[in-house]
Amino acid sequence: MKKVLSFLLVALLVLGASSAFAEEVEIAVVPKALDNAIFLDAKTAAEEKGAELGVKIYWEGSPTSDAAAQVNVIESLIERQVDGILISCNDADALKDVIDRAVDAGIAVGCFDSDSPESKRAFYCGTDNYAIGKLSAEYMMEYLPEGGKVAILTGVLGAPNLEMRITGFKETLAAAGSPIEVLPVQTGEDDVQKSVEVVSQFTAANPDLAGWFFDGGWPYFADPDALPEVKAFMERGGRIVSIDTCEPMMQYVGLGMVDILIGQNYPTMGALGVETLYKIIKGEEVDLGDETNYIDTGYEIVDINNYEEVWAGKAPW
Amino acid sequence: MKTANGTESKGAPSFIRRVQQVSVFNIVLILAGMCLLLSIAVGGKFLSATNITSVVRQFSFYAIMATGMLLAIITGGIDLSSGSVFAFSSIITCLFIAKWDIPLLTGMPVLLRVILGVLLGMLSGAAFGYLNGALITLLKLPPFIATLGTMSIARGLSYGITGGYPIGSLPDQFKFIGLGTIGAGSVQIPTPIILMVVLALLFSFFLRKTILGRWVYAIGGNEEAARIAGVRVDRTKRIVYALCGLMSSIAGIATAARLGVGQSTAGQGYEMDAIAAVIIGGASVNGGVGTVLGSVLGAAIMGVLRNGLVLLNVSAYWQQAVLGVVIVVAVSFDKLQHDRKK
């Protein structure tokens with residue numbers, strides 16, 4: 001009897017183990033915040049890649065950008081023993097410990113969009129924010145060879161990715177000895193209405209303004225009718241370089257209300273991030289980028305010449 | 001000021017009026033001083049018709065919200081959910097107008113659909129407000145906690161319904177509420193400014209001339225005394241919070257119309273701007289005191305200040321601190337004047 005019982009027990013265990021083995025891989029994708037529309041393209045791409053690989057994707061995060069809340073989210077994911085976590089960090093240092101704990105617990109962790117370089121994460125895939133600030137400056141210099149006053153619109157002050165773009169922009173202008181004069185930074189606090197009001201009032205009040213650098217495309221989430229000042233600004237020869245290439249922003253290129261959009265490649269970040277994690281979990285050979293395990297997802301450039309093509313390739317919002 | 005209570009005695013109403021007039025005078029003084037300084041500093045940039053129109057239109061949304069907030073604050077309460085209700089109602093309106101593709105709606109004339117959508121949005125705001133009132137009066141939750149909860153509920157519902165996506169492609173008939181102008185010939189006044197003035201007049205009349213309005217002050221002055229004097233305290237409070245929700249929804253809908261897009265992230269932190277406008281406008285957080293005119297002027301001070309910082313080319317990294325200093329100075333100035341009067 002005992003033998004039969006132990007046999008049954010072993011059989012059960014084997015069965016249980018094999019069924020666990022057959023279970024699909026679970027990867028949680030954690031954006032900086034659920035309220036930030038910029039991550040939606042990454043979500044769609046991650047879910048599509050998940051469906052393709054047979055991976056269960058969970059889209060989880062804190063309601064607003066908050067490092068402490070994000071730590072709690074990761075802790076709950078460790079409890080749930082997911083197989084992989086792909087995270088955009090609100091704060092590189094604040095997330096380091098909890099990422100290390102996840103890795104120690106056997107979870108494969110990768111960063112996308114915003115890195116925690118000191119942590120034990122396997123890789124970071126995203127845009128080089130300094131590089132897109134630099135690129136923006138290069139376009140601005142091309143547009144304004146004679147110089148002129150250029151204003152900067154930013155979002156929440158102190159966000160590492162935005163500050164890097166501003167630094168890249170300013171340092172490139174300075175290094176090139178450009179005659180462009182950069183005015184004090186203005187903020188719309190990541191809020192569409194505040195961004196629209198600041199840009200409208202500032203543009204109307206500075207008739208000698210030659211250019212705008214939006215280090216995020218907040219004003220272009222609004223309807224073109226809401227930005228008559230920007231339209232007038234472009235008509236009198238003003239130039240605008242803006243980051244982000246979300247679907248609602250495409251129309252602005254066609255309307256001549258922005259010269260160039262430089263987009264971070266969120267679909268690639270989502271898809272490549274999930275795929276790389278999947279390969280790590282499965283023990284497959286995988287490319288982890290350069291010596292710091294940084295995988296550059298590049299950027300996309302949208303101007304009047306290619307906007308229709310790019311637009312057609314974007315899922316409507 | 002706790003004795004500023006409409007039901008106490010015959011002399012009380014005139015006493016209220018006197019206090020109100022004094023505090024409004026101070027606020028006008030602060031606002032005029034700011035405008036004068038700005039005119040000297042940046043001259044025509046500030047006084048240009050485009051800039052003034054832009055500033056007034058900008059603060060009209062906050063002023064509408066502040067007028068609702070004022071009611072809650074006069075009763076000695078607060079409504080932290082107003083920024084979230086602002087987003088929730090605007091989303092309901094935008095979805096109804098542009099997204100819900102059921103045959104009944106798509107076959108409807110656009111104008112009718114816009115009107116019904118706006119009414120539905122306003123109703124959703126009033127309903128959220130009424131829920132606040134019910135939690136406060138029936139479950140006896142402190143207003144701070146009750147509205148902190150509904151703040152999260154309204155915001156969460158907004159994210160849930162939209163999945164975070166903004167709602168665009170809104171018809172011109174709707175955008176008129178935020179972007180249009182009303183007037184004759186060359187005198188064209190933006191719709192939101194007219195909306196603000198009409199609502200301010202209505203609420204001013206409500207607070208000063210109706211019995212219910214007096215009850216609102218009475219509750220804030222001394223809730224127990226008001227109850228004994230026959231004021232239907234709980235019912236009045238529920239109406240107050242419903243009106244507060246309604247005003248948040250109107251501000252939210254008008255903002256969505258101004259931007260031509262409804263967003264689940266709209267209005268984050270706007271409740272704090274509304275509270276600041278009401279307090280700058282001479283209301284007391286202890287309740288019983290405050291006027292609609294004061295709150296509108298409070299919102300105007302915030303709007304002019306924000307505009308001034310932009311016109312003066314102050315770096316964004318310093319703007320918050322300056323904004324805070326001016327709020328503290330404005331409220332202190334008002335408080336000192338009151339104390340001297342005493």
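In chain A, strand β1 (residues 26-30) and strand β3 (residues 84-87) run side by side in the parallel sense, joined over four bridges, where strands count as paired if DSSP finds at least two bridges between them. Within this pairing, Ala28(A) has Ile85(A) of β3(A) as its bridge partner. The model is a predicted one, in which local features need pLDDT of at least 70 and side-chain atom pairs count only at pLDDT 80 or more, while totals for chains, interfaces and linings use all residues. Residues are numbered from 1 along each chain as its sequence is written, and chains are lettered from A and ligands numbered from 1 in the order in which they are written. Helices (H or I, at least four residues) and strands (E, at least two) are DSSP runs, numbered from the N terminus.

The two strands belong to an open sheet of six strands in chain A, ordered β2-β1-β3-β4-β5-β12 with parallel pairing. At its edges stand β2 (56-59) and β12 (294-296) of chain A, each with a single partner strand, so one side of each has no neighbour in the sheet. From one strand to the next the twist averages 20°, angles being taken from 0 to 180 degrees between N-to-C directions of axes, which are lines fitted to C-alpha atoms, for helices over the stretch in contact.

Helices pack on this sheet. Helix α2 (residues 40-53) of chain A lies across β1, β2 and β4 (108-112) of chain A and runs at about 160° to β2(A). Helix α10 (residues 266-281) of chain A touches β1, β2, β3, β4, β5 (123-126) and β12 of chain A, and its direction makes about 160° with that of β4(A). Contact here is a matter of C-beta atoms, placed from the backbone, that lie within 7 Å.

A helix pair comes next. Helix α3 (residues 67-80) and helix α4 (residues 96-104) of chain A pack at an angle of about 10°, with their axes 10 Å apart. That angle makes α3(A) roughly parallel to α4(A), since angles under 35 degrees count as roughly parallel, over 145 as roughly antiparallel, 65 to 115 as roughly perpendicular and the rest as oblique. From α3(A) the contact draws on Val71(A), Ile74(A), Glu75(A) and Ile78(A), and from α4(A) on Val98(A), Arg101(A) and Ala102(A). These residues divide into five nonpolar, no polar and two charged, where Ala, Val, Leu, Ile, Met, Phe, Trp, Tyr, Cys and Pro count as nonpolar, Asp, Glu, Lys and Arg as charged, and the others, Gly among them, as polar.

Gln81(A), in the loop between α3 and β3 of chain A, has a phi near 55°, a positive value in a residue other than glycine. Asp244(A), in the loop between β10 (239-243) and α9 (250-254) of chain A, also has a positive phi, of about 85°, although it is not a glycine. Gln81(A) is exposed, with 10 other C-beta atoms within 10 Å, whereas Asp244(A) counts as buried, with 20 C-beta neighbours inside 10 Å; the cut-offs are 20 or more other C-beta atoms within 10 Å for buried, 12 or fewer for exposed, and partly exposed in between, with C-beta atoms placed from the backbone.

Chain A as a whole comes to 11 helices and 13 strands, and buried residues make up 49% of its 317 residues. Its C-alpha trace spans about 95 × 35 × 30 Å along the principal axes.

Chain A meets chain B through a contact that takes 30 residues from chain A and 32 residues from chain B. On the side of chain A, the elements that give two or more residues are β8 (186-187) and α7 (192-205), and α7(A) supplies the largest share, 10 residues. By class, this side has 19 nonpolar, six polar and five charged residues.

Notes: Contact = placed C-beta atoms within 7 Å.
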